[in-house]
Amino acid sequence: MAQRLATEYVNASLRLSEVQMSQFIHKVYDPHVRQRVKVLDNGGQEVVLEDDSGEEVHLPFDRKDGYYVCELSFRLEKPHLTNVMRLLFAAFKGSGMVTRIYNGFMMMYYYQEGRVRKIVEYSRDSYKLVYEHKDTVGELQRIYRNNDVEQEIEKIHRDVNSLLDRRFVAQDSAAVKQIDEQLRKHTRRLFILEA
């Protein structure tokens with residue numbers, strides 16, 4: 001198995017509520033990673049994570065519209081801190097691009113709200129799409145909820161019933177001819193919709 005050389009977070013962002021921020025601070029369970037929290041002047045906080053080797057990452061959270069928002073790019077090389085950040089990023093629905101760098105190739109993970117949406121493998125001379133999220137269930141639900149055709153069919157049925165009532169009482173042959181033409185148009189449209 002390939003040895004990971006580094007992990008880079010590019011345009012990474014986290015948006016946490018007050019409660020989530022408290023949970024974020026208490027979520028680090030790795031005995032090899034320590035954390036410090038600095039309270040900033042503007043009401044924000046900076047969370048500093050440091051592993052036994054001395055590698056550290058500073059996560060500045062600014063206060064914006066009642067949320068703690070962290071937006072930054074950084075690089076990690078040690079496994080303990082890398083693993084802790086991966087868990088935090090997924091648990092607190094981070095967004096951005098995470099690049100895992102190996103000898104000779106890179107794996108780029110595109111995150112949106114804590115979920116991997118796409119994985120691309122890049123080597124020196126090529127790239128290949130490894131995974132791409134397709135919202136099949138959501139698309140099927142949208143199609144299922146889209147009942148425009150059924151509503152149009154119901155309207156045509158009401159119109160046909162009304163036309164038949166008018167035709168039954170019509171005594172003028174020109175009126176009957178006009179009603180028959182409208183009925184033919186509705187019949188063609190129903191045939192198309194029900195096909």
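Colleague: Before we start, what should I know about the model and its numbering?

Modeller: Residues are numbered from 1 along each chain as its sequence is written, and side-chain values use heavy atoms, with hydrogens and water left out. Since the model is predicted, local features need pLDDT of at least 70 and side-chain atom pairs count only at pLDDT 80 or more, while totals for chains, interfaces and linings use all residues.

Colleague: Which helices and strands does the protein have, and what makes a stretch count as one?

Modeller: Helices (H or I, at least four residues) and strands (E, at least two) are DSSP runs, numbered from the N terminus. By that rule the protein has five helices and nine strands. Starting at the N terminus, their order is β-α-β-β-β-β-α-β-β-β-β-α-α-α.

Colleague: How does the radius of gyration of the protein stand against that of a compact globule?

Modeller: The radius is taken over C-alpha atoms, and the globule rule is 2.2 Å times the number of residues to the power 0.38. For 195 residues, a compact globule would come out near 16 Å, but the protein has 30 Å. The C-alpha trace spans about 95 × 45 × 25 Å along its principal axes.

Colleague: Why is Thr 99 called buried?

Modeller: Buried means under 20% relative accessible area, exposed means over 50%, and partly exposed is in between (1.4 Å probe, protein chains only). Thr 99 has 3% relative accessibility, so Thr 99 counts as buried. Across the 195 residues of the protein, 33% count as buried.

Colleague: Where does Thr 99 lie, and which residues does Thr 99 touch?

Modeller: Thr 99 is part of strand E6 (residues 95–102). Contact means heavy atoms within 4.5 Å. Leaving out residues up to four places away in sequence, Thr 99 touches Ala 6, Thr 7, Glu 8, Met 106, Met 107 and Met 108.

Colleague: And what makes Glu 113 exposed or buried?

Modeller: The relative accessible area of Glu 113 is 54%, so Glu 113 is exposed. Glu 113 sits in the loop between strand E7 (105–112) and strand E8 (115–123). Not counting residues up to four places away in sequence, Glu 113 touches Lys 93, Gly 94 and Ser 95. Glu 113 and Arg 15 are 98 residues apart in sequence, and their C-alpha atoms are 9.4 Å apart in space.

Colleague: How do you know that Glu 77 and Arg 75 form a salt bridge?

Modeller: A salt bridge is a side-chain nitrogen of Lys or Arg within 4 Å of a carboxyl oxygen of Asp or Glu. For Glu 77 and Arg 75 the closest N and O atoms are 3.5 Å apart, and the pair forms a salt bridge. With a relative accessible area of 45%, Glu 77 is partly exposed. Arg 75, at 43%, is partly exposed. By this rule the count comes to 11 salt bridges.

Colleague: Where is Arg 75 found, and which residues does Arg 75 touch?

Modeller: Arg 75 belongs to strand E5 (residues 67–76). Not counting residues up to four places away in sequence, Arg 75 touches Ala 6, Thr 7, Glu 8, Glu 55 and Ile 101. Val 28 is 47 residues from Arg 75 along the chain, and the C-alpha atoms of the two are separated by 19 Å.

Colleague: What makes Arg 189 and Glu 152 a salt bridge that links distant parts of the chain?

Modeller: Their closest N and O atoms are 2.8 Å apart, and the two form a salt bridge. Arg 189 is in helix H5 (residues 173–194) and Glu 152 in helix H4 (residues 148–169), 37 residues apart, and the pair links distant parts of the chain. Arg 189 counts as partly exposed at 33% relative accessibility. Glu 152 is partly exposed too, with 28%.

Colleague: How are Asp 159 and Lys 155 placed along helix H4?

Modeller: They are four residues apart in helix H4, so about one helical turn separates Asp 159 and Lys 155. Their side chains meet in a salt bridge, at 2.9 Å from N to O. Asp 159 is partly exposed with a relative accessible area of 25%, and Lys 155 counts as partly exposed at 45%.
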